[in-house]
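Hello,

Here is the structure I promised to pass on.

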Amino acid sequence: MSEQQTGIRARVQRFGSFLSGMIMPNIGAFIAWGLITALFIPDGYFPNENLAEMVGPMINYLLPLLIGFTGGRLVHGLRGGVVGATATMGVIVGADIPMFLGAMLIGPLGGAAIKAVDKPLEGRIRSGFEMLVNNFTAGIAGAILAIIGYYIIGPIMAGLTNVLGAGVEFLINVGLLPLVNLFIEPAKVLFLNNAINHGILSPIAVEQSKDVDKSVLFLLETNPGPGLGVLLAFMFFGKGISRQTAPGAAIIHFFGGIHEIYFPYILSKPSLILAAMAGGVTGTATFVFTGVGLTATPSPGSIVALLPLTAKGDIFGVILGVLLATVASFIVASFILKFSKQEEEGDLNEATAKMEEMKGKKSRVSDQLTKEEQEEQTENRNTDEVPYVDRSQVDKIIFACDAGMGSSAMGSSLLKNKFKKENINIDVTNMAINDLPSDVDIVITHKDLTERAIQKVPNAHHISVENFLNSPKYDELVQELKNEE
């Protein structure tokens with residue numbers, strides 16, 4: 001992959017991560033709204049007229065304000081969050097639909113505006129007037145942006161939301177919505193899953209669910225069926241480490257909802273993306289055919305999260321869609337794994353522990369894996385092993401992924417256990433790449449995200465892995481730290 005391509009991919013991932021970064025911290029509020037909707041509306045499981053009165057204010061005010069605050073905070077801390085939330089109030093009042101897309105635009109704009117005001121004033125405010133100046137600049141910026149939001153941004157984003165909603169309705173009416181998964185599944189494997197779900201689908205789905213109390217769009221990216229089918233195929237037809245780790249990965253994926261866990265299996269043999277696409281299309285077609293939907297976005301995409309948010313009377317259709325997606329994905333993945341030529345095998349074991357043995361082979365997958373290893377060698381200072389680490393200089397190790405809650409959490413847990421067994425007392429944690437602190441000593445990321453991590457904290461020691469659940473780099477790092485100690 002060329003340097004230009006990796007740079008473009010990193011920028012796309014960074015933009016997608018920023019979009020999802022406005023939604024992810026507020027998922028709890030979305031789920032609360034979804035549960036209240038599913039339980040207490042007139043068609044809910046336990047209709048309650050009084051409690052149902054919370055549904056409208058939450059979707060119209062609470063959720064957009066949270067998004068606007070978070071977007072502003074991402075740009076310029078708490079001051080940016082306050083201005084972003086204030087500006088969001090303008091787009092809320094200026095439109096007659098939930099302003100999720102408007103909040104995602106004006107929230108960061110509010111943060112950028114107060115940041116632009118603060119920068120030239122830094123160090124120039126007379127002592128004793130700091131609070132006065134800071135409060136009034138934030139207030140003036142928030143008021144101006146709220147007015148702009150009311151008259152300009154709100155109507156524009158309302159129109160855009162209506163166009164997107166009409167487009168979705170058209171796809172559903174003509175039976176083409178399942179084809180959207182032909183784009184969603186490949187994008188997920190490129191670590192754009194959170195951006196797609198929380199940055200694009202969820203805002204449109206929330207607007208759609210306002211009228212019909214549910215939306216099928218909540219199921220498009222979160223359906224665990226496609227990934228489960230791929231992992232089940234590896235259980236029966238995989239080789240080496242891929243076959244050994246697939247059962248555990250399937251449990252974590254299906255019940256834990258961490259979809260990132262199956263991405264390395266597909267990356268080890270890219271043709272398997274066809275299986276995920278087949279599962280996605282099949283699942284969405286089933287959801288559309290049965291007319292089912294969820295009341296809010298499930299996060300993580302676990303079957304345990306899907307079912308409580310399923311609209312009343314839709315349980316059978318949701319389970320059927322997940323099941324058929326699994327079957328379709330399993331059949332295609334099994335065919336690919338079973339009948340691929342030996343020299344084209346991209347086994348996970350070869351993609352990790354036996355990378356060295358594959359050098360020099362002339363098959364397509366061998367060449368690709370060799371190229372990937374060369375990229376890892378460049379990122380890891382031109383060595384197959386973890387570079388030398390000075391134990392006395394290491395205080396903090398962070399696993400980083402796009403959202404900071406899925407695959408990185410699993411990797412962090414594994415390394416903590418290894419450190420505990422070897423009595424290595426170093427802080428190990430996990431977080432989103434965008435939140436990496438400047439004082440981190442070692443950053444561990446999936447190889448497709450390492451470039452972004454380096455851009456965020458260039459002075460840290462970076463380690464790239466291909467599989468958070470099974471990387472020889474962990475043992476190498478442990479040994480290096482033990483030797484130094």
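This is a predicted model: local features need pLDDT of at least 70, side-chain atom pairs count only at pLDDT 80 or more; totals for chains, interfaces and linings use all residues.

Residues are numbered from 1 along each chain as its sequence is written, and side-chain values use heavy atoms, with hydrogens and water left out.

The sheet is open and has four strands, ordered β2-β1-β3-β4, with parallel pairing. Helices (H or I, at least four residues) and strands (E, at least two) are DSSP runs numbered from the N terminus, and two strands pair if DSSP finds at least two bridges between them. The edges are taken by β2 (427–432) and β4 (461–465), each with a single partner strand, so one side of each has no neighbour in the sheet. On average, neighbouring strands are turned by 25° against each other, direction ignored.

Going through the pairs, β1 (residues 396–401) is joined to β2 by six bridges in the parallel sense, and Ile398 has Thr429 in β2 as its bridge partner. β3 (residues 442–446) runs parallel to β4 over five bridges, with Ile442 opposite His461 in β4. Between β3 and β4 comes a helix: β3, α17 (residues 450–456) and β4 make a right-handed β-α-β unit (with the strands pointing away from the viewer, the path from the first strand over the helix to the second runs clockwise).

How many residues of β4 are buried? Five of its five are, where buried means under 20% relative accessible area, exposed over 50% and partly exposed in between (1.4 Å probe, protein chains only). His461, Ile463 and Val465 point one way from β4, and His462 and Ser464 the other way.

Elsewhere, helix α3 (residues 55–93) packs on α4 (residues 100–121) with the axes 9 Å apart and at an angle of about 30°. Axes are lines fitted to C-alpha atoms, for helices over the stretch in contact, and angles run from 0 to 180 degrees between N-to-C directions.

Finally, Asn423 sits in the loop between α16 (407–421) and β2. Its phi is near 55°, a positive value in a residue other than glycine. Most residues other than glycine have a negative phi. Asn423 counts as exposed, at 58% relative accessibility.

Best wishes
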